Amino acid sequence: MLSRIIVITSGKGGVGKTTAVAHLGTALALTGRKVAVIDADIGLRNLDIVLGLENRIVYDLVDVVEGTCKVTQALIRDKRVGNLYLLPAAQTRTKDAVEPEQMVTLCDQLREMFDYVLIDSPAGIERGFQNALAGADSAVIVTTPHVSAVRDADRIIGLVEASEKGIPKLIINRLNIDMVKKGEMLNQDDVIDILSVGLLGIIPEDPLIVTASNRGISVLGNDKSKASEAFRRIARRIEGEDVPLMELNENHGFFGRLKRILSTNITGSGGH
Amino acid sequence: MADKLCVVFRGTKSGLVIVIDDTAPLNTVREDLTAKLEESGYFFIGADVILDVGERSLEVEELNQLQEMIQKRNGLVIKGLRTRSEATISSAKLLGLSSAVPEEKQTSPSKKEIHLSEKSVLKSEIGSPSPAFDNLPTEIVRRTLRSGQQRESNGNLVVLGDVNAGAEVVAVGDIIVFGALRGMAFAGATGKKNAIILAFRLSPTQLRIADLAARSAGESKGSELPEYASIDDEGHIVIDVWGRT
């Protein structure tokens with residue numbers, strides 16, 4: 001079982017940390033766990049939007065560390081999920097407003113109150129990242145199968161390893177299986193070959209994520225979403241369950257399987 | 001590290017040029033020179049030095065002092081002086097130093113190889129034998145080097161792991177990677193042209209040996225055997241399969 005305070009970080013921006021925090025937090029909460037998600041991206045907060053909670057922010061992370069309010073006053077309960085709480089970032093401040101030691105104190109407080117605390121790290125390797133990392137017990141690295149993202153992930157893994165938070169685990173996000181098959185995208189083996197860390201899960205490219213994020217809802221309730229099942233499996237792995245990786249080929253359904261069987265029997269020329 | 005230092009080290013094809021700003025006070029010069037010599041470590045072992053003092057006029061004692069500061073360091077030898085000051089030229093003469101040193105010729109870099117003059121790269125004097133490699137200490141790094149990490153060695157460097165893209169390894173001697181070299185490797189950093197870079201999988205972003213640099217010519221589908229880079233008789237960096245006779 002992974003430890004309870006987990007920072008989700010990447011180095012590269014835009015690879016899916018916030019989406020992962022929102023969905024994994026929700027998935028864990030739906031199994032009955034009490035979960036807090038912290039937005040550590042001070043000045044550029046997004047976790048509140050993705051969770052659909054931005055209209056309910058009164059106090060934020062900076063208010064808590066500065067002593068303006070108690071942490072219980074700043075935590076926002078997601079009424080749709082029940083066990084899920086958000087500690088939002090401040091939007092009008094910058095990352096200098098918080099010190100790593102303050103994050104450690106805050107996380108120790110939250111450790112007593114929650115089964116899991118997921119910290120949404122900002123991009124980069126500077127103070128924002130260091131703040132996010134400070135209070136965590138362990139780290140999960142999110143990357144996409146792109147050369148630049150993998151390069152940045154490698155950098156971040158080096159920094160995490162040096163910080164003695166253990167060896168991080170990896171989520172490969174936005175894997176486009178068609179592009180991988182055509183040789184236009186790195187596959188998971190390419191990525192793991194370079195990064196040499198354990199794989200926590202793979203999330204396929206899913207257009208439904210964009211719509212959901214914009215609306216502040218999760219895809220977990222949507223059967224048509226390919227990413228939904230991936231997030232659920234990752235949540236189970238976080239809980240310590242040994243879950244196999246999803247089959248990512250297109251056409252899961254009966255006709256899809258039939259089509260694949262037929263096409264492997266057709267030898268030689270022509271047509272489709 | 002406040003303003004610009006008044007002492008600059010520059011590696012060129014004819015050796016190390018130490019350029020001393022001709023307007024700074026001599027005390028500052030001595031401080032900066034000491035600092036630069038300290039931080040350069042063993043990088044300039046056995047190098048020939050040209051001392052460029054520009055317009056500055058130096059008395060014999062002042063010049064002698066600078067000479068001693070430089071020469072007591074790892075066998076650096078001042079081969080000559082570059083100056084426009086008459087006084088300094090006479091002081092030099094009294095110390096037995098030549099001061100009629102021609103300016104550097106500008107050479108244009110060839111397409112694949114870049115001649116590094118700004119880095120601390122030295123060419124040893126033509127004709128002098130390079131010390132045997134087994135005299136150099138060998139450092140062993142027992143892990144993969146990740147992007148952004150750097151290791152330097154005053155001798156040979158062995159990495160038991162990968163050197164990922166964005167990582168850098170620099171050695172006075174050879175570099176040997178028991179894994180994939182995907183980053184930047186710089187062997188023979190003080191000018192040893194017979195240094196090699198060897199890896200189980202050689203797919204670096206850039207290789208440098210002595211004063212040459214090279215990048216891979218397109219996508220090499222890695223060979224199953226270890227490969228190594230070295231400078232051949234024609235003075236180019238070439239890659240060969242290791243172990244093949």
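Start with both chains on screen: eleven residues of chain A are in contact with ten residues of chain B, contact meaning heavy atoms within 4.5 Å. This is a predicted model, in which local features need pLDDT of at least 70 and side-chain atom pairs count only at pLDDT 80 or more, while totals for chains, interfaces and linings use all residues. Residues are numbered from 1 along each chain as its sequence is written, chains are lettered from A and ligands numbered from 1 in the order in which they are written, and side-chain values use heavy atoms, with hydrogens and water left out.

**The interface**

Colour the two chains separately. Together, chain A and chain B bury about 850 Å². Carbon and sulfur atoms carry 34% of that area. Buried area is the accessible area (1.4 Å probe) that two parts lose on being put together, summed over both. Four salt bridges are counted between chain A and chain B. A salt bridge needs a side-chain nitrogen of Lys or Arg within 4 Å of a carboxyl oxygen of Asp or Glu. Now select A:Glu161 and B:Arg146. Their side chains form a salt bridge, at 3.1 Å from N to O.

**H7 and H9 of chain A**

Select residues 147-162 of chain A, helix H7, and residues 188-195, helix H9. Helices here are DSSP runs (H or I, at least four residues) and strands likewise (E, at least two), numbered from the N terminus. The axes of H7(A) and H9(A) come within 10 Å and cross at roughly 35°. Axes are lines fitted to C-alpha atoms, for helices over the stretch in contact, and angles run from 0 to 180 degrees between N-to-C directions. Show side chains next. From H7(A), A:Val150, A:Ala153, A:Asp154 and A:Ile157 meet A:Val191, A:Ile194 and A:Leu195 of H9(A). By class, this H7(A)–H9(A) contact has six nonpolar residues, no polar and one charged. Nonpolar covers Ala, Val, Leu, Ile, Met, Phe, Trp, Tyr, Cys and Pro; charged covers Asp, Glu, Lys and Arg; the others, Gly among them, are polar.

**H5 and H6 of chain A**

Move to helix H5 (residues 100-113) and helix H6 (residues 127-134) of chain A, which pack at about 30° with axes 7 Å apart. A:Pro100, A:Met103 and A:Val104 of H5(A) meet A:Arg127, A:Gln130, A:Asn131 and A:Ala134 of H6(A).

**B:Val19**

Finish in chain B. B:Val19 sits in strand S2 (residues 15-20).
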